[in-house]
Amino acid sequence: MTRRRRAVPPGSAGARRAAPLPAVILGSGIWHLLRGRRGLRLSRGEIGETPFGPSRPIFSTVLPGGRRVLLMTRHGEAGYDVGAWSVNYRANLWALKDRGADLVLSTSACGGIDPRLSVGTFVVPHDLLDKTTRRAKTFFEGAGLGIVRHGQPFCPALRAALAEGLAAVGVRHRLGGVYVCTDGPRLETPAEICSYAREGATIVGMTVAPEFALSRELELCYATLSWVVNLAEGVVPRPYRPDLLFEGMATEEELAEGDRAAARLPEVLAAALDRLSSDRACDCRRAMEHYKQRGDIGEDFRTWVKRT
Ligand code: HPA
């Protein structure tokens, strides 16, 4: 069940009052795992009307342990209705910020490039290679804004909280890694994976860019919790299987292992958020400070983007 919600007008009382809330963006293949009898209970979804079009529906839910979060799926609630290459990343992030989010924890299924990674392992990448070419990458088209540093593409405070959350829950994980983001829809060739490995990539996926950079433009803390659902093309020989996800890049056992890991996501996210302090030490929430100091923009992000 969804309804539409108009953006709060810039400078209005509603714009000033919104209480900060964590937001979670769910990647592919996990929605069905988190619903069901013992799954997450959701509010009615609200589609945000944004200068970039409608967002995915935003739900409110309570994670294990009682923390309320905003929740959104990238690809749809029924399955994989919206491909990574068609996601309206700008509308989604703008709408989450408009609803009061001050941080985004995203989840992202990935392929393992480092052959030491096994399916079902959680990874908290610290860096990223953006190979996407056909996606809107800034809120500031036609404006001289948005030249912001990416020495730490993922919020270090969120990464530290994820690290502690993963350890507390006790699931297999790897801290650090380089996520290479490809355009899709096709999967990579073995030569591409080889080349990304030489460039330092350890995991591959299709969703984290430009989400990470758009979050920073809105001064949202952002990190992704990836989990390995297959080994990338050419890492291990795998026969073609048209009956399986990714046509045999993961075996049936591995797919089940990936699902088992994904089902632990709410616990891990809850444990991470419990360990995150509101006065976290990071620069994400002042990413646009330079432009504010120069007088180019004001405090209310809704006034930063002018679209008709
Ligand atoms: N390649 C790209 N995206 C992915 C993969 C992959 O192997 N696995 C999960 N998402």
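**Close-up views of the ligand site, pocket, cavity and backbone**

**View A. The lining of the second largest cavity divides into four nonpolar, one polar and two charged residues.** In this classification Ala, Val, Leu, Ile, Met, Phe, Trp, Tyr, Cys and Pro are nonpolar, Asp, Glu, Lys and Arg are charged, and the others, Gly among them, are polar. The model is a predicted one: local features need pLDDT of at least 70, side-chain atom pairs count only at pLDDT 80 or more, and totals for chains, interfaces and linings use all residues. Residues are numbered from 1 along each chain as its sequence is written, and side-chain values use heavy atoms, with hydrogens and water left out. The lining consists of Leu231, Ala232, Glu233, Gly234, Val236, Arg238 and Met249. The volume of this cavity is about 30 Å³, and the structure holds two cavities of 30 Å³ or more. A cavity is a set of points, on a 1 Å grid over the protein atoms alone, where a 1.4 Å probe fits but cannot get out; lining residues have an atom within 4 Å of a point. Grid points are joined across faces, edges and corners, and a volume is the space filled by probe spheres set on the points.

**View B. The largest pocket has a volume of about 720 Å³.** Its lining comprises 39 residues, and Ser28, Tyr80, Ala109, Leu245 and Phe246 lie nearest the centre. Two or more lining residues come from each of helix H2 (31-34), E6, E11, E12 and helix H7 (252-262). H7 gives the most, with five residues. By class, the lining holds 20 nonpolar, 14 polar and five charged residues. A pocket is an open set of grid points with protein on both sides within 12 Å along at least five of seven lines. Helices (H or I, at least four residues) and strands (E, at least two) are DSSP runs, numbered from the N terminus.

**View C. The ligand sits in the largest pocket.** Sitting in a pocket requires more than half of the molecule's atoms to lie within 2 Å of its grid points. Around the ligand are Ala109, Cys110, Gly111, Leu187, Glu188, Val204, Gly205, Met206, Val229, Asn230, Phe246 and Met249, each with a heavy atom within 4 Å of the ligand. This shell contains eight nonpolar residues, three polar and one charged. Strand E6 (101-112), strand E11 (203-205) and strand E12 (221-231) each supply at least two of the shell residues, and E6 gives the most, with three.

**View D. Polar contacts (pairs of N or O atoms within 3.5 Å) of the ligand involve Gly111, Glu188 and Asn230.** A polar side-chain atom of Asn230 is 2.7 Å from a ligand nitrogen. An N or O atom in the side chain of Glu188 is 2.8 Å from a ligand nitrogen, and for Gly111 a polar backbone atom is 3.2 Å from a ligand nitrogen. The protein covers 95% of the 260 Å² of accessible area that the ligand has on its own, by the Shrake-Rupley method with a 1.4 Å probe.

**View E. The peptide bonds from Gly184 to Pro185 and from Ala209 to Pro210 are cis.** Omega is near -5 degrees for the bond into Pro185 and near 5 degrees for the bond into Pro210. Pro185 is in the loop between strand E10 (178-181) and helix H5 (190-198), whereas Pro210 lies in helix H6 (residues 208-217).

**View F. Glu219 has a positive phi of about 60 degrees and is not a glycine.** The residue is in the loop between H6 and E12. Most residues other than glycine have a negative phi, and most peptide bonds are trans.

Conventions:
Polar contact = N/O pair within 3.5 Å; in protein donor to acceptor, adjacent residues only side chain to side chain.
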